[in-house]
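Okay, thanks for coming, everyone. Let me put the model up and then walk you through it.

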Amino acid sequence: MDFKSHMEKWNLLINNALGDYLTINDGPGSNINKAMKYSLMAGGKRLRPVLALAVCEMLEGDRNDVIPFACAIEMIHTYSLIHDDLPAMDNDDYRRGIPTNHKVYGEAMAILAGDALLNKAYELMLTYTAANSEGIKRKLEAMKIIADGAGAEGMIRGQVVDLESEGAVINREILEYMHKCKTGALIKAPVLSSALLSGASDKEYRLLENYAENIGLAFQIKDDIMDVKGSLEQMGKLSGSDAAAGKSTYVTLFGVEEAEVLLDNTVNSAVDALQSFGEKAWFLKELAEFIKNRCS
Ligand code: GRG
């Protein structure tokens, strides 16, 4: 099977599972279910759950164990996007090709929809673990990896550094730290939680950690390059929305060409980290290239 059809197959699997997990409970207050579903089912690349499934397949783990964790991470990711789009944060009107949650449901409901998705993520993992308690230590550890990645030392910390850096020129060290937390932590979480759930050895775990750190960085460098190149196409000038918002990026720090070299090197490092897995790592290696070549 080729990369594209693998991606489509896993996307479908994840979308079906997410749809099943998120039910609309009719009656007073059911708008919260609708607002949650609106953003969760609005598409997106499903990169994080796909990472979890790919690691599981490579390690020949039990996919049933991984699906609830993979879906939980997608719920956490979607909550972060809803909150990030709010007027108090990035104040965006569109996300995943449709109006942002607060544009449709209002700010208060968007805050609550994000909060509810975050809670639903842990409820889902806990419900599955309570009903399938064999290997419970691994499942709890996987949950902790996800909680750490999403929390005040992970994604939220990165968001805070981002907020505090607006309008300031930051150095490479701070930029990398910010992205390691803001974007990298929730890319690392599916790889490492799935590695644990799928019975990775210590060595395999460390190699996958190295891979995940590099694709997380590559994801962000590419994001920064797209911000500029997208603007170039749309506005005919070399100035992205990040630069306009006074944000330091890989492009503002290094320029487009050097950022592209950095992106190549980072993707190569990710691929190198997987060499000892041989052919079994084909999908994860192609996923690193997909991150480099993506257009959205
Ligand atoms: C508000 C708690 C809180 C955190 C926000 C991750 C984050 C922190 C905000 C997202 C803002 C953003 C656009 C960051 C750039 C990288 C990123 C996470 C992009 C969106 O991820 P994709 O491209 O999105 O995987 P899809 O829609 O494909 O899932």
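One term before anything else: buried means under 20% relative accessible area, exposed means over 50%, and partly exposed is in between, with a 1.4 Å probe and protein chains only. Keep in mind that what you see is a predicted model, where local features need pLDDT of at least 70, side-chain atom pairs count only at pLDDT 80 or more, and totals for chains, interfaces and linings use all residues. Residues are numbered from 1 along each chain as its sequence is written, and side-chain values use heavy atoms, with hydrogens and water left out.

So, with that term in hand, look at Arg-46. Arg-46 counts as buried because its relative accessibility is 2%. Arg-46 sits in the loop between helix H2 (31-40) and helix H3 (47-58); helices here are DSSP runs of H or I with at least four residues, strands are runs of E with at least two, and both are numbered from the N terminus. The phi of Arg-46 is near 60°, a positive value in a residue other than glycine.

Now hop to the loop between H3 and H4, where you'll find Glu-60. Glu-60 also has a positive phi, near 55°, and again this is a residue other than glycine. Is Glu-60 buried or exposed? Exposed, because its relative accessible area is 64%.

On to the whole chain. There are 14 helices and two strands in it. The C-alpha trace spans about 55 × 55 × 35 Å along its principal axes. For 296 residues, a compact globule would have a radius of gyration near 19 Å, and the protein chain has 19 Å, so the two agree. That radius is taken over C-alpha atoms, and the globule rule is 2.2 Å times the number of residues to the power 0.38. Of the 296 residues, 49% count as buried. If you call it a contact when heavy atoms are within 4.5 Å, then residues 24 or more positions apart account for 73% of the contacts with a separation of 6 or more.

Ile-291 is buried, because its relative accessible area is 0%. Leaving out residues up to four places away in sequence, Ile-291 touches Leu-47, Ile-215, Ala-218, Phe-219 and Lys-222. The C-alpha atoms of Ile-291 and Gly-216 are separated by 9.2 Å, though the two are 75 residues apart along the chain.

His-77 has a polar side-chain atom 2.8 Å from an oxygen atom of the ligand, and for a polar side-chain atom of Arg-96 the distance to a ligand oxygen is 2.8 Å. The protein covers 90% of the 700 Å² of accessible area that the ligand has on its own, with areas from the Shrake-Rupley method and a 1.4 Å probe.

How values were computed:
Polar contact = N/O pair within 3.5 Å; in protein donor to acceptor, adjacent residues only side chain to side chain.
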